[in-house]
Amino acid sequence: MGQPQFLAQRLRGLALSDIRRMSRESDRVGAINLGQGICDLPTPPEVAEAAKAAIDANKSTYTYPEGHLALRQAIARKLARDNGIQADPGSDIVVTLGATGAFATAVNALLDPGDGILLMEPYYGYHLNCSIVAGLEVQFMTLAPPDFHLTEESLRAALRPNTRAVVLCTPSNPSGKMLTRGELEAVARVAHERDLLIISDEIYEYIRYDGRPHISPAAVGGLGPRTITVMGLSKTFSITGWRLGYAVAPAPMARAIALVNDLYYVCAPNPLQHGVTAGFELPAAYFARLALDYQRKRDTLCDALKAAGMAPIVPQGAYYVLADISNWGFATAIEAAMALLERAKVASVPGSAFYRGTIGEKLLRFCFAKDDASLGEACERIRHFDPGAGLR
Ligand code: PLP
């Protein structure tokens with residue numbers, strides 16, 4: 001898939017998504033898709049029923065650009081309870097079209113073309129591409145496997161005179177790394193010194209393993225006043241196609257985000273806002289079970305990857321595994337991904353989709369947000385995959 005013919009000049013730097021490409025290839029060969037983080041698990045009935053009831057009650061009009069007040073109030077209660085963030089539902093929360101909408105409206109509302117935005121590699125492709133679309137100068141700092149540790153020194157070294165914002169993603173897609181309090185305090189020291197904005201994508205906040213706590217950057221080291229917290233509901237309620245998320249920021253920044261949200265999208269889908277409002281009333285047991293179910297899937301997949309000679313980097317959170325394929329002997333990650341796809345009928349994503357340099361060439365990413373039967377079948381196929389077969 002090359003660049004579209006009529007792509008505007010300023011968008012020529014877009015890194016076209018290998019994730020989408022692998023999904024298409026997966027459909028072409030009838031594979032099990034462990035590439036894209038589609039998440040086809042069931043939506044909680046309480047969430048689905050509330051959305052259906054809203055449609056039946058003809059709640060079909062536009063809403064405020066910042067979303068329903070009842071939803072923002074539910075979000076504010078949840079932020080205080082689970083994130084240690086005090087947000088005023090009247091002024092600090094904007095309901096958006098997914099976390100993607102929150103990120104895109106935030107960078108467009110708060111940064112100017114030519115401003116520097118720093119991404120941590122391995123990065124999530126949409127952070128890169130949304131930043132390019134907004135005309136930003138994308139800068140990178142590398143977090144190296146297997147522990148993806150962030151240090152104050154490496155952060156300082158990655159900053160440029162025009163850097164205005166740093167993007168954090170915890171738990172991270174694709175690495176599963178969860179930033180520690182110590183790492184976030186280091187970020188806070190640098191952010192205060194250099195007057196940086198923090199854009200913190202926490203869409204996987206409830207998908208975390210081995211009892212590890214999720215720490216929201218806005219609640220650490222006085223970062224709140226300079227942080228835009230980007231949240232999504234796609235993963236929490238298994239509703240990737242509903243397109244609902246939200247941004248949380250101090251009122252002046254939230255107002256700017258709401259303005260851009262209004263200009264681009266008017267508002268998030270009305271009946272679906274009612275659905276997720278009900279979701280915030282789900283008991284703590286729902287969120288605990290979500291994490292435990294994914295932890296079991298993680299362990300199943302990691303066992304299979306090991307059996308196939310890969311070295312999985314066991315994720316702390318999110319629902320992806322990066323696996324080291326150095327032993328397999330392929331020249332590039334895309335070759336390895338295509339061999340696995342064509343011969344074992346399992347789709348993955350080449351690590352080169354998440355790193356600019358060579359680190360990604362020895363990695364594949366697998367997504368385990370799958371029903372148990374499909375994941376089990378994919379694991380069987382992976383276990384029996386012989387990477388050398390096509391090379392002999
Ligand atoms: N942020 C991260 C880190 C993701 O991994 C994803 C989806 O995979 C998104 C955002 C997209 O979220 P949404 O569906 O809420 O737009």
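Analyst: Let's start with strands: two of them count as paired if DSSP finds at least two bridges between them. With that in hand, we can read this predicted model feature by feature.

User: Happy to start there. Which residue does valine 349 stand opposite in strand 13?

Analyst: The general idea is that strands of a sheet pair through backbone hydrogen bonds, either parallel or antiparallel. Here, strand 12 and strand 13 (residues 363–367) pair in the antiparallel sense, over two bridges. Across that pairing, valine 349 faces arginine 365 of strand 13.

User: What is the order of the strands in the open sheet of four strands, and which are the edge strands?

Analyst: Reading across the open sheet, the order is 9-10-13-12, and the pairing is antiparallel. An edge strand pairs on one side only, and that describes strand 9 and strand 12 (349–350).

User: How should I read the largest nonpolar core, and which of its members touch the most other members?

Analyst: As background, in soluble globular proteins, nonpolar side chains tend to be buried together. The largest nonpolar core in this model has 129 residues, and Ala106 and Ala247 touch the most other members. Helix 4 gives the most to this core, with eight residues. Both domain 1 (9–42 + 285–383) and domain 2 (46–279) give residues to this core, so the core lies between them.

User: What does alanine 106 touch, not counting residues up to four places away in sequence?

Analyst: Leaving out those sequence neighbours, up to four places away, alanine 106 touches Ile199, Ile228, Val230, Ala247 and Ile257.

User: On to the ligand. How many residues surround the ligand, and which are the closest?

Analyst: There are 13 residues around the ligand, and the closest are Gly98, Thr100, Asn173, Gly232 and Ser234. Helix 4 (residues 98–110) gives the most to this shell, with three residues. By class, the shell has four nonpolar, eight polar and one charged residues.

User: Is helix 9 largely enclosed by the rest of the structure or left open?

Analyst: To judge burial, count C-beta atoms: 20 or more others within 10 Å make a residue buried, while 12 or fewer make it exposed. In helix 9 (residues 270–279), eight of the 10 residues are buried, so the helix is largely enclosed by the rest of the structure. Among them are Leu272, His274 and Val276. The buried residues of helix 9 pack against helix 2 (45–56), helix 3 (69–83) and strand 2 (93–96).

User: Now the backbone. Which residues does a cis peptide bond join where omega is about 0°?

Analyst: That cis bond joins glutamate 121 and proline 122. Proline 122 sits in the loop between strand 3 (116–121) and helix 5 (125–133). A further cis peptide bond links threonine 170 and proline 171, with omega about -10°. Proline 171 is in the loop between strand 5 (163–169) and helix 7 (181–194).

User: Is aspartate 195 exposed or buried, and where is alanine 318?

Analyst: Both have a phi worth a look. Aspartate 195 has a phi near 50°, a positive value in a residue other than glycine, and its place is the loop between helix 7 and strand 6 (197–201). Aspartate 195 counts as exposed because 8 C-beta neighbours lie inside 10 Å. Alanine 318, with a positive phi of about 65°, is in the loop between strand 9 (311–313) and strand 10. Alanine 318 is buried, with 30 other C-beta atoms within 10 Å.

Methods
Residues numbered from 1 in each chain as written. Predicted model: local features only at pLDDT ≥ 70, side-chain atom pairs only at ≥ 80, totals over all residues. Near = placed C-beta within 6 Å. Nonpolar A, V, L, I, M, F, W, Y, C, P; charged D, E, K, R; others polar. Core = buried A, V, L, I, M, F, W, Y, C linked by C-beta atoms within 7 Å. Domains from an automatic or database assignment. Contact = placed C-beta atoms within 7 Å.
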